[in-house]
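I opened this notebook to keep track of what I looked up. The entries follow the order in which I went through the structure.

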Amino acid sequence: MSQFHIFTGAIRGWQEACAHVPALATATAGAAVELDLGCGKGGFLLELAERYPERTVVGAELMIGRLKRLLKKVEARELANVALLRAEAWEFVAFHLPDALFDRIHVLCPDPWPKARHRANRLVTSEFLGRITTKLRPGGVLHLATDDPPYFERFRGAVDGLPELTLDPDGIADIADIKTDFQRRWEEQGKSLQRIVLRRTP
Ligand SMILES: C[S@@+](CC[C@H](N)C(=O)[O-])C[C@H]1O[C@@H](n2cnc3c(N)ncnc32)[C@H](O)[C@@H]1O
(Lines give C-alpha, C1' and ligand atoms only; values in the text may rest on other atoms or scores of the structure.)
Protein backbone atom coordinates (compact mmCIF):
# COMPACT_ATOMS: atom_id res chain seq x y z
CA MET A 1 0.00 0.00 0.00
CA SER A 2 1.34 3.42 -0.92
CA GLN A 3 2.27 5.65 1.98
CA PHE A 4 0.50 8.49 0.21
CA HIS A 5 -3.13 8.18 -0.65
CA ILE A 6 -6.37 10.10 -0.93
CA PHE A 7 -9.24 8.12 0.45
CA THR A 8 -11.93 8.83 -2.12
CA GLY A 9 -14.35 6.03 -1.40
CA ALA A 10 -17.55 6.53 0.51
CA ILE A 11 -16.47 6.33 4.13
CA ARG A 12 -18.70 3.63 5.50
CA GLY A 13 -16.87 3.60 8.78
CA TRP A 14 -13.79 5.04 10.36
CA GLN A 15 -12.11 1.64 10.60
CA GLU A 16 -12.39 1.28 6.85
CA ALA A 17 -10.82 4.68 6.27
CA CYS A 18 -8.00 3.75 8.66
CA ALA A 19 -7.37 0.54 6.73
CA HIS A 20 -6.83 2.58 3.55
CA VAL A 21 -4.84 5.50 4.96
CA PRO A 22 -1.87 4.50 7.12
CA ALA A 23 -1.54 7.92 8.79
CA LEU A 24 -5.08 7.60 10.15
CA ALA A 25 -4.29 4.34 11.88
CA THR A 26 -1.42 6.11 13.66
CA ALA A 27 -3.82 8.82 14.78
CA THR A 28 -6.33 6.37 16.09
CA ALA A 29 -3.50 4.59 17.91
CA GLY A 30 -2.93 7.66 20.06
CA ALA A 31 -0.72 10.15 18.16
CA ALA A 32 -1.73 13.80 18.40
CA VAL A 33 -4.03 14.58 15.49
CA GLU A 34 -5.33 17.74 13.87
CA LEU A 35 -8.07 18.17 11.29
CA ASP A 36 -8.12 20.84 8.57
CA LEU A 37 -11.74 20.76 7.43
CA GLY A 38 -12.17 22.22 3.94
CA CYS A 39 -8.39 22.27 3.48
CA GLY A 40 -8.59 23.53 -0.13
CA LYS A 41 -5.14 23.81 -1.75
CA GLY A 42 -3.61 22.80 1.56
CA GLY A 43 -0.99 25.50 2.24
CA PHE A 44 -1.89 25.61 5.93
CA LEU A 45 -1.96 21.82 6.30
CA LEU A 46 1.45 21.38 4.62
CA GLU A 47 3.17 23.86 6.90
CA LEU A 48 1.49 22.40 9.97
CA ALA A 49 2.55 18.85 9.01
CA GLU A 50 6.12 19.93 8.31
CA ARG A 51 6.37 21.73 11.62
CA TYR A 52 5.01 18.78 13.61
CA PRO A 53 6.09 15.50 11.98
CA GLU A 54 5.07 13.59 15.12
CA ARG A 55 1.45 14.68 14.68
CA THR A 56 -1.05 13.37 12.17
CA VAL A 57 -2.67 16.07 10.07
CA VAL A 58 -5.93 15.10 8.39
CA GLY A 59 -7.13 17.19 5.45
CA ALA A 60 -10.77 16.78 4.46
CA GLU A 61 -12.05 18.45 1.32
CA LEU A 62 -14.96 18.14 -1.08
CA MET A 63 -13.14 18.94 -4.33
CA ILE A 64 -11.23 15.94 -5.62
CA GLY A 65 -9.10 18.04 -8.02
CA ARG A 66 -7.78 20.11 -5.13
CA LEU A 67 -6.96 16.96 -3.19
CA LYS A 68 -5.09 15.44 -6.11
CA ARG A 69 -2.94 18.53 -6.50
CA LEU A 70 -2.37 18.60 -2.76
CA LEU A 71 -1.35 14.93 -2.74
CA LYS A 72 1.44 15.75 -5.23
CA LYS A 73 2.77 18.37 -2.79
CA VAL A 74 2.53 15.91 0.11
CA GLU A 75 4.51 13.38 -1.93
CA ALA A 76 7.11 15.94 -3.00
CA ARG A 77 7.71 16.89 0.63
CA GLU A 78 7.57 13.24 1.73
CA LEU A 79 5.14 14.01 4.52
CA ALA A 80 4.17 10.64 5.99
CA ASN A 81 2.02 12.27 8.67
CA VAL A 82 -0.70 13.60 6.32
CA ALA A 83 -3.98 11.85 5.61
CA LEU A 84 -6.20 13.23 2.84
CA LEU A 85 -9.86 12.35 2.70
CA ARG A 86 -12.45 13.33 0.18
CA ALA A 87 -15.41 14.19 2.35
CA GLU A 88 -18.41 16.45 2.60
CA ALA A 89 -17.93 18.29 5.88
CA TRP A 90 -21.38 17.91 7.41
CA GLU A 91 -21.75 14.28 6.53
CA PHE A 92 -18.18 13.53 7.62
CA VAL A 93 -18.69 15.13 11.03
CA ALA A 94 -22.21 13.85 11.59
CA PHE A 95 -21.78 10.25 10.54
CA HIS A 96 -18.19 9.13 10.12
CA LEU A 97 -15.82 10.56 12.68
CA PRO A 98 -15.37 8.85 16.02
CA ASP A 99 -15.88 11.04 19.08
CA ALA A 100 -12.98 12.62 20.97
CA LEU A 101 -10.39 11.97 18.23
CA PHE A 102 -8.82 15.36 17.53
CA ASP A 103 -6.49 17.59 19.51
CA ARG A 104 -7.27 20.50 17.19
CA ILE A 105 -9.82 21.15 14.49
CA HIS A 106 -9.31 24.01 12.03
CA VAL A 107 -12.19 25.41 9.97
CA LEU A 108 -10.43 28.16 8.03
CA CYS A 109 -12.06 30.46 5.51
CA PRO A 110 -15.15 28.32 4.92
CA ASP A 111 -17.17 29.59 1.94
CA PRO A 112 -19.06 32.65 3.25
CA TRP A 113 -22.08 32.38 0.92
CA PRO A 114 -22.74 36.13 1.15
CA LYS A 115 -26.03 36.23 -0.79
CA ALA A 116 -29.11 35.94 1.42
CA ARG A 117 -30.60 33.14 -0.68
CA HIS A 118 -27.44 31.05 -0.19
CA ARG A 119 -27.05 31.48 3.56
CA ALA A 120 -28.43 28.01 4.26
CA ASN A 121 -25.25 26.63 2.64
CA ARG A 122 -23.01 28.07 5.33
CA LEU A 123 -21.16 25.41 7.25
CA VAL A 124 -20.77 27.15 10.59
CA THR A 125 -23.95 27.03 12.66
CA SER A 126 -24.42 26.27 16.36
CA GLU A 127 -25.67 22.82 15.41
CA PHE A 128 -22.54 22.13 13.36
CA LEU A 129 -20.23 23.48 16.05
CA GLY A 130 -22.01 21.41 18.69
CA ARG A 131 -21.48 18.32 16.58
CA ILE A 132 -17.84 19.05 15.78
CA THR A 133 -17.06 19.76 19.44
CA THR A 134 -17.83 16.14 20.26
CA LYS A 135 -14.99 15.16 17.89
CA LEU A 136 -12.45 17.05 20.00
CA ARG A 137 -10.66 15.37 22.83
CA PRO A 138 -11.43 17.02 26.17
CA GLY A 139 -9.10 20.03 26.28
CA GLY A 140 -8.91 20.05 22.47
CA VAL A 141 -9.01 23.26 20.43
CA LEU A 142 -11.46 24.49 17.80
CA HIS A 143 -9.98 27.13 15.47
CA LEU A 144 -12.38 29.12 13.28
CA ALA A 145 -11.38 31.92 10.90
CA THR A 146 -12.98 33.99 8.18
CA ASP A 147 -12.31 37.19 6.25
CA ASP A 148 -16.05 37.88 5.97
CA PRO A 149 -17.32 40.18 8.79
CA PRO A 150 -21.00 39.08 8.63
CA TYR A 151 -19.95 35.43 8.73
CA PHE A 152 -17.69 36.19 11.68
CA GLU A 153 -20.72 37.57 13.54
CA ARG A 154 -22.48 34.32 12.73
CA PHE A 155 -19.51 32.43 14.23
CA ARG A 156 -19.85 34.42 17.44
CA GLY A 157 -23.59 33.80 17.70
CA ALA A 158 -23.09 30.09 17.06
CA VAL A 159 -20.42 29.83 19.75
CA ASP A 160 -22.54 31.63 22.36
CA GLY A 161 -24.87 28.67 22.67
CA LEU A 162 -22.10 26.18 23.43
CA PRO A 163 -21.12 26.13 27.13
CA GLU A 164 -18.66 23.27 26.58
CA LEU A 165 -16.37 25.65 24.66
CA THR A 166 -14.40 28.48 26.25
CA LEU A 167 -12.39 31.16 24.49
CA ASP A 168 -8.66 30.45 24.47
CA PRO A 169 -6.65 32.47 21.94
CA ASP A 170 -3.46 30.74 23.15
CA GLY A 171 -4.80 27.50 21.73
CA ILE A 172 -3.12 28.29 18.40
CA ALA A 173 -0.13 30.29 19.71
CA ASP A 174 2.33 27.82 18.18
CA ILE A 175 0.87 28.12 14.67
CA ALA A 176 -0.58 31.64 14.55
CA ASP A 177 2.00 32.54 11.90
CA ILE A 178 0.88 29.82 9.47
CA LYS A 179 -1.31 31.26 6.74
CA THR A 180 -3.92 29.57 4.62
CA ASP A 181 -3.97 30.02 0.84
CA PHE A 182 -7.15 32.09 1.02
CA GLN A 183 -5.76 34.19 3.84
CA ARG A 184 -2.76 35.12 1.65
CA ARG A 185 -5.13 36.08 -1.12
CA TRP A 186 -7.32 38.22 1.14
CA GLU A 187 -4.34 39.91 2.73
CA GLU A 188 -3.03 40.89 -0.72
CA GLN A 189 -6.41 42.62 -1.19
CA GLY A 190 -6.05 44.45 2.13
CA LYS A 191 -8.54 42.27 4.00
CA SER A 192 -7.71 40.61 7.28
CA LEU A 193 -8.77 37.39 8.90
CA GLN A 194 -10.80 37.25 12.11
CA ARG A 195 -10.49 34.19 14.32
CA ILE A 196 -12.17 32.53 17.22
CA VAL A 197 -10.15 29.96 19.15
CA LEU A 198 -12.00 27.81 21.68
CA ARG A 199 -11.06 25.01 24.01
CA ARG A 200 -13.33 22.11 24.87
CA THR A 201 -13.69 21.99 28.63
CA PRO A 202 -11.86 18.93 29.98
C1 LIG B 1 -12.74 29.35 0.63
S2 LIG B 1 -11.96 27.79 0.51
C3 LIG B 1 -10.79 27.80 1.87
C4 LIG B 1 -9.73 26.75 1.71
C5 LIG B 1 -8.66 26.77 2.81
N6 LIG B 1 -9.22 26.42 4.11
C7 LIG B 1 -7.97 28.10 2.87
O8 LIG B 1 -8.23 28.86 3.81
O9 LIG B 1 -7.16 28.39 1.95
C10 LIG B 1 -13.22 26.69 1.12
C11 LIG B 1 -12.90 25.24 0.86
O12 LIG B 1 -13.88 24.43 1.48
C13 LIG B 1 -14.29 23.42 0.56
N14 LIG B 1 -15.65 23.07 0.88
C15 LIG B 1 -16.76 23.82 0.67
N16 LIG B 1 -17.86 23.20 1.12
C17 LIG B 1 -17.41 22.02 1.65
C18 LIG B 1 -18.07 20.92 2.26
N19 LIG B 1 -19.38 20.91 2.42
N20 LIG B 1 -17.32 19.87 2.66
C21 LIG B 1 -15.97 19.87 2.49
N22 LIG B 1 -15.29 20.89 1.91
C23 LIG B 1 -16.02 21.94 1.50
C24 LIG B 1 -14.14 24.06 -0.80
O25 LIG B 1 -14.02 23.09 -1.83
C26 LIG B 1 -12.88 24.90 -0.61
O27 LIG B 1 -11.71 24.17 -0.92
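Entry 1, the whole chain. I counted the elements first: the protein chain has 8 helices and 8 strands. I note here that I am working with a predicted model. I then looked up the extent, and the C-alpha atoms of the protein chain fill a box of roughly 45 × 40 × 35 Å along the principal axes. For 202 residues, a compact globule would have a radius of gyration near 17 Å, and the protein chain has 16 Å, so the two agree. Of the 202 residues in the protein chain, 37% are buried. I also checked the contacts with a separation of 6 or more, and 76% of them join residues 24 or more positions apart.

Entry 2, strand E5. Strand E2, residues 33-37, pairs with E5 in the parallel sense over 3 bridges. In that pairing I found Leu35 opposite Ile105 of E5. Strand E6, residues 136-146, also pairs with E5 in the parallel sense, over 6 bridges. There Val107 has Leu144 in E6 as its bridge partner. I followed the chain from E5 through helix H6, residues 126-133, to E6, and recorded this β-α-β crossover as right-handed.

I looked up two residues in the loop between E5 and H6, Cys109 and Trp113. Cys109 is not a glycine, yet has a positive phi of about 55°. Trp113 is not a glycine either, and its phi is positive at about 45°. Are they buried or exposed? Cys109 has 22 other C-beta atoms within 10 Å, and therefore counts as buried, the cut-off being 20 or more. Trp113 has 15 other C-beta atoms within 10 Å, so I list Trp113 as partly exposed.

How many residues surround the ligand? I read off 17, and the closest are Gly38, Gly40, Ala89, Cys109 and Thr180. By type, the shell around the ligand divides into 8 nonpolar, 4 polar and 5 charged residues. Which helix gives the most to this shell? I found helix H8, residues 181-188, with 3 residues.

Ala158 has 19 other C-beta atoms within 10 Å, so I put it down as partly exposed. Leaving out residues up to four places away in sequence, Ala158 touches Val124, Thr125, Ser126 and Leu129. I also looked up Phe128, which is 30 residues from Ala158 in sequence and 8.8 Å away in space, C-alpha to C-alpha.

Definitions and conventions
Residues are numbered from 1 along each chain as its sequence is written. This is a predicted model: local features need pLDDT of at least 70, side-chain atom pairs count only at pLDDT 80 or more; totals for chains, interfaces and linings use all residues. A residue is near a molecule or strand if its C-beta atom, placed from the backbone, lies within 6 Å of it. Helices (H or I, at least four residues) and strands (E, at least two) are DSSP runs, numbered from the N terminus. Ala, Val, Leu, Ile, Met, Phe, Trp, Tyr, Cys and Pro count as nonpolar, Asp, Glu, Lys and Arg as charged, and the others, Gly among them, as polar. Two strands pair if DSSP finds at least two bridges between them. A crossover is right-handed if, with the strands pointing away from the viewer, the path from the first strand over the helix to the second runs clockwise. The radius of gyration is taken over C-alpha atoms; the globule rule is 2.2 Å times the number of residues to the power 0.38. A residue is buried if 20 or more other C-beta atoms lie within 10 Å of its own, exposed if 12 or fewer, and partly exposed in between; C-beta atoms are placed from the backbone. Two residues are in contact if their C-beta atoms, placed from the backbone, lie within 7 Å.
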